[in-house]
Amino acid sequence: MSEQQPIRVGLVGVGNWATYGHIPALKLLPGYQITAVCSRSIEKATATAKMFGIEHAVSRVEELVNLADLDLIAVLSPAPEHAHIVKTAIAAGKDVYSEWPLTTNTKDSEELLMLAENAGVRHFVGLQRTLGASSLHLSQLIRERYIGDVRSVRMHVSMGSFGPTRSASLEWTIPANNFSHVLSIYGGHFMDMLFHALGKPETLSAIVATQFPMLTLASTGKEYPNETPDAFMMMGRLADGALFQIQIEGGKQNLGGLQIEITGTLGDLKVLNERAFVTKHRDVIEAALGDKGAWTSLLLPASTKLIPCSNLDVSVQDLAQLYAAFGSDRHTGLTTVRTFADAVELHRLIDAINASSQSGKSVSVVGE
């Protein structure tokens, strides 16, 4: 494929995140072309294709992956469907993107990683916040020792959703087997972002909790026992010796969003956002150097901006940054995106968090 030829994408799933997130993100990038959409409902696929000017609309994944004019399959369906679709894409020799969670368990994700590596296809996973401009800037500041050696970090993430009432759009998160809850979704996205910037955890102690024992579906009023975690806290030590503390909770009524405080030997950093996801505002990074330094907001360097300027939701811009990085990787042969290997590592971390919570003991986090 020549440098000028766009990466031709087929989307599997035409839900809200496809139309609100992926399609606008891809249309922002000149290096991509959405060629096909796939949905179990051919009516939905056809309507989406017509709305966004997409050439092919199909109802079977097998038909999608065998289209000759596709380079990349983007798997946007709920987590329980990922494994089968990703396997089908890999078998067809296509590069593949999957939403996070990659699958509903570590074993299946390990299998997908092995299959993708054996097939020699490129693969990446939708941990887009880690590739957002603010997150890249934070990583750069830590790497360049802007505040010296990191001594400790504390992160709090909260959202109004995943409380006692579930909207119709989140009905699919109720079954525990779907692996789609506060620990897996929000924990996955924000832990990946934080540990990518600061280094991996070495040991941790965690409490995973279900604080809302019953869930009410807003559309029907029907109640369900809550089988999934809606909050967790953990603390531990990073590989370089720094201490960390993380709290993530759903059902937050006030003052939600993101707050990160990082203590260094030369100063301090804060990362702030009024919303965890779906926000028009980037994370704000503030710094104070020295013993009594004044807090100053840091400007984003141009090197962190991988996409054209737009008015898209920042969460969608983060997704566009991920796609832009993949396009660059495909050309250079480097790997800067979050891959299935990163997803497997995150699955193992979540397993360790659950193990610590269940045992009441500190556990080691050992990479493989």
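Biologist: Which residues do ring pairs link into a cluster?

Modeller: Happy to start there, and please keep in mind that this is a predicted model. The structure holds 9 aromatic pairs. Ring pairs join five side chains into a cluster, and its members are Tyr32, Tyr97, Phe124, Tyr323 and Phe326.

Biologist: Thanks! Is the aromatic pair of Phe162 and Tyr186 stacked or edge-to-face?

Modeller: Let's look at the geometry of the two rings. Their centres are 5.9 Å apart, and the planes of Phe162 and Tyr186 stand at 85 degrees to each other. Planes over 60 degrees apart fall in one class, so the pair of Phe162 and Tyr186 is edge-to-face.

Biologist: How many residues apart are Phe162 and Tyr186?

Modeller: This pair links distant parts of the chain. Phe162 is in the loop between β7 (150–158) and β8 (165–166), whereas Tyr186 belongs to helix α7 (residues 182–198). The separation between Phe162 and Tyr186 is 24 residues.

Biologist: Is Tyr186 buried or exposed?

Modeller: Good one to check beside its partner. Phe162 has a relative accessible area of 3% and is buried. The cut-off for this class is under 20%, and Tyr186 has 9% relative accessibility, so Tyr186 is buried.

Biologist: Why does the pair of Phe190 and Phe277 count as tilted?

Modeller: Here the ring centres are 5.6 Å apart. Stacked pairs have planes under 30 degrees apart and edge-to-face pairs over 60, with the rest tilted. The pair of Phe190 and Phe277 is tilted because its planes are at 55 degrees.

Biologist: Which parts does that pair tie together, and how many residues apart are they in sequence?

Modeller: Both Phe190 and Phe277 are buried. Phe190 lies in helix α7, and Phe277 is in the loop between β15 (267–273) and β16 (284–289). The pair therefore ties together parts whose separation in sequence is 87 residues.

Biologist: Which residue has its charged end over the ring of Phe277?

Modeller: There are charges over rings to look at here. Lys270 lies over the face of Trp295, 4.2 Å from the ring centre. Over Phe277, at 5.7 Å from the centre of its ring, sits the charged end of Arg129.

Biologist: Which helix supplies the largest share of the lining of the largest cavity?

Modeller: A search of the whole structure finds 1 cavity of 30 Å³ or more, and the largest cavity has a volume of about 50 Å³. Its lining includes Arg129, Ala133 and Val314. Both α6 (133–143) and α8 (314–332) supply at least two lining residues. The largest share, 3 residues, comes from α6.

Terms used. Residues are numbered from 1 along each chain as its sequence is written. This is a predicted model: local features need pLDDT of at least 70, side-chain atom pairs count only at pLDDT 80 or more; totals for chains, interfaces and linings use all residues. Side-chain values use heavy atoms; hydrogens and water are left out. On a 1 Å grid over the protein atoms alone, a cavity is a set of points where a 1.4 Å probe fits but cannot get out, and a pocket is an open set with protein on both sides within 12 Å along at least five of seven lines; lining residues have an atom within 4 Å of a point. Grid points are joined across faces, edges and corners, and a volume is the space filled by probe spheres set on the points. Helices (H or I, at least four residues) and strands (E, at least two) are DSSP runs, numbered from the N terminus. Rings of Phe, Tyr and Trp (its six-membered ring) pair if their centres lie within 6.5 Å; planes under 30 degrees apart count as stacked, over 60 as edge-to-face and the rest as tilted. Buried means under 20% relative accessible area, exposed over 50%, partly exposed in between (1.4 Å probe, protein chains only). A charge sits over a ring if NZ of Lys or CZ of Arg is within 6 Å of the ring centre and within 35 degrees of the ring normal.
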